[in-house]
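Okay, thanks for coming, everyone.

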Amino acid sequence: MTEGHFVAGTVMAQAFNGKYVFLVKHNEDSYELPMTPIYKEKTGLACIIEELKNILDIQGSALDLYELTNSVVNGSRVPLFVFSLNKNITTELNKLLKENSAQYAWMSSDTLIETLENIDISGVPLFNQ
C-alpha cells in the first residue's frame with residue numbers, strides 16, 4: 001500500500017457485565033472508528049496496531065484479529081480490522097485507555113452499528129454475543 005491511504009480498526013472486549021463493547025472515537029455528536037494513515041514502510045495491519053497501542057495501554061500481543069473487511073470512507077477504500085481483546089487481560093477496560101485518549105470510549109454494539117451505518121462496508125462483520 002502507498003502513503004495517502006488509510007486503515008481503520010476497533011477492539012472488541014467483553015465488559016464485566018458480559019456484554020461486548022467496542023473502542024470508538026467520540027466526535028461532538030457522532031462516533032467514528034480509530035483510523036490512521038498507512039505508511040510506506042509498514043503494512044496496514046502494523047499501522048492500525050500501532051495506532052491502537054497509542055490509544056490503549058496494551059501490548060500488540062493482547063490483540064487477536066477477529067475480522068478483516070473493506071469499507072469506503074469519503075470515497076476511499078479503507079481496510080477495517082476488528083480485534084478482540086485477549087481474554088487474559090483482566091484490567092478494567094476504561095483503565096486501558098491512555099491519558100491522552102480522552103476522546104475514545106468503550107461503547108455498546110448498538111453504537112458500533114450506528115457508526116458502521118455511516119460508512120459503506122463490503123462484507124459486514126458479524127459479531128456473536
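Let's start at V11. Skipping neighbours within four places in sequence, V11 is in contact (heavy atoms within 4.5 Å) with V21, F22, L23, L52, L56, L63, F83, L85 and W106. Quick housekeeping: this is a predicted model, so local features need pLDDT of at least 70 and side-chain atom pairs count only at pLDDT 80 or more, while totals for chains, interfaces and linings use all residues. Residues are numbered from 1 along each chain as its sequence is written, and side-chain values use heavy atoms, with hydrogens and water left out.

So where does V11 sit? The largest nonpolar core has 22 residues, and V11, L23, L52, L56, L85 and W106 are the ones touching the most other members. By core I mean buried Ala, Val, Leu, Ile, Met, Phe, Trp, Tyr and Cys residues joined through side-chain atoms within 4.5 Å. Buried is under 20% relative accessible area, exposed is over 50%, and partly exposed is in between, with a 1.4 Å probe and protein chains only. Two or more residues each come from β1, β2 (20-27), α1 (44-55), β6, α2 and β7 (104-108). Those are DSSP runs numbered from the N terminus: helices are H or I, at least four residues, and strands are E, at least two. The largest share, four residues, is from α1. There's also a second, separate core of 10 residues, including M12, L33, V73 and L112.

Staying with strand β6, look at V82. Buried or exposed, V82? Buried, at 2% relative accessible area.

Next, the lining of the largest pocket. By class, that lining has nine nonpolar, seven polar and three charged residues. Here Ala, Val, Leu, Ile, Met, Phe, Trp, Tyr, Cys and Pro count as nonpolar, Asp, Glu, Lys and Arg as charged, and the others, Gly among them, as polar. β1 gives the largest share of the lining, three residues.

How many salt bridges does a search of the whole structure find? One. That's a Lys or Arg side-chain nitrogen within 4 Å of an Asp or Glu carboxyl oxygen. The pair is K42 and E50, at 2.3 Å, N to O. K42 is partly exposed at 28% relative accessibility, and E50 is partly exposed too, at 37%.
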